[in-house]
Every structure is written in C-alpha cells, then in structure tokens.
Amino acid sequence: IGDDISLRVRYLFNGNFADTQRDGLDGIPGNGSGVSFVEDDMFGTVLDLAGGGANAGNYVQIPGEAFGGTSPAESMTVTGWIYIRDDVYYSRFFDFGVNSTKNFFFMPMESRAAITVNGSGAEYQARGKAISLYEWHHVAVVLDAQNKTLTSYLDGVRLAQKTNVTP
C-alpha cells in the first residue's frame, strides 16, 4: 500500500507477519486455525489461509495506521502473489474498509476489483475473467484517483478497468 513517491507498508508473509518498511506496522493474524505458513517449491515459506470467511478468523488484519489517512479518494496500489486451490466465490484476496458498506477489495474467482462507497448498490467495479486454479498468479489492483480509474492486472496484463471512479 503506497503512493507514487514511497512504499508505505510491505508484507512478505514469509514466515511472519512483519511490515518490512520503516513504521513496523505488523499484520495481526486472525484467531482461526486456518492461518499458517507452509513450504512452497516456488517461493519458500508462504502464508496459507484456509478460507471460511471472516467469521472463521482465517485472515490477516492490517493495522489502520498502514493507510496513513488514505481515504478511498486517494491513490493506492495493492499487489501480491496468489495461489487458489478452491473455486469459492466471494472469497477475498484483500478487503480493506470499515464494514461491508465502505470497502476496497478484490475477489479472485470473480476477478472483481471494487470500491464500495455506500453498500453494494453504490459500488465501482472492474471485472475480468476468473483466475485459474492450482498455479501462482501475480495480482495488482490500482486505484488511480487523479485519472479516476480502478484497474486490475493479472500476471502483468490488464485484466479489467473501470473509469469515472469518484468515491
């Protein structure tokens, strides 16, 4: 999460939840039993989340200070590698926000990047094709406030874009 000048936070999730940037805003694992680290042939030690939704506690919470006052009207980029084992719709790669009526998220099976400003009826969406199972993919989601766009990328190729985004 950062702007065009500096990287605000960086999480490698390679055996710990540490923020490797200057502020040390470490991630906080949820209380579910499905939050663990496993060994992967391509990346070594990686974070493994068992799914089950937010109520299952299988997530990592990013401290609010990581956003440094960032509002949905500011630019933000979220990137990461993802390996999907199950085609569970509505699962999230990330979901930042105060509740389900105001959030910024990406759902890989729907390939849906979205900003919700007042519930699902007031949502800006960039939708593409579903991400394939059982292989690593690099995902990037860019909210560009200056150009009023929400763009998702898969493996370096633009997947979808929504224009006139004014949250």
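**Gly-44**

I started with what Gly-44 touches in this predicted model: leaving out residues up to four places away in sequence, I found Val-38 and Glu-39, with contact meaning heavy atoms within 4.5 Å. Gly-44 belongs to strand S3 (strands are DSSP runs of E, at least two residues, numbered from the N terminus).

**Asp-48**

Next I went to Asp-48, also in strand S3, which covers residues 44-49. Is Asp-48 buried or exposed? I noted it as buried, since its relative accessible area is 16%. Its contacts, again not counting residues up to four places away, are Gly-34, Val-35, Ser-36, Val-38 and Arg-85. With Arg-85, the side chain of Asp-48 makes a polar contact of 2.7 Å (a pair of N or O atoms within 3.5 Å; within protein, one must be able to donate a hydrogen and the other to accept it, and residues adjacent in sequence count only if both atoms are side-chain atoms).

**Confidence**

I then checked pLDDT, the predictor's confidence in each residue, from 0 to 100. The chain averages 85, and 91% of its residues reach 70 or more.

**Ground rules**

Residues are numbered from 1 along each chain as its sequence is written, and side-chain values use heavy atoms, without hydrogens or water. Local features need pLDDT of at least 70 and side-chain atom pairs count only at 80 or more, while totals for chains, interfaces and linings use all residues.

Note on methods: Helix = DSSP H or I, 4+ residues; strand = E, 2+ residues; numbered from the N terminus. Buried < 20%, exposed > 50% of the residue type's maximum accessible area, 1.4 Å probe, protein only.
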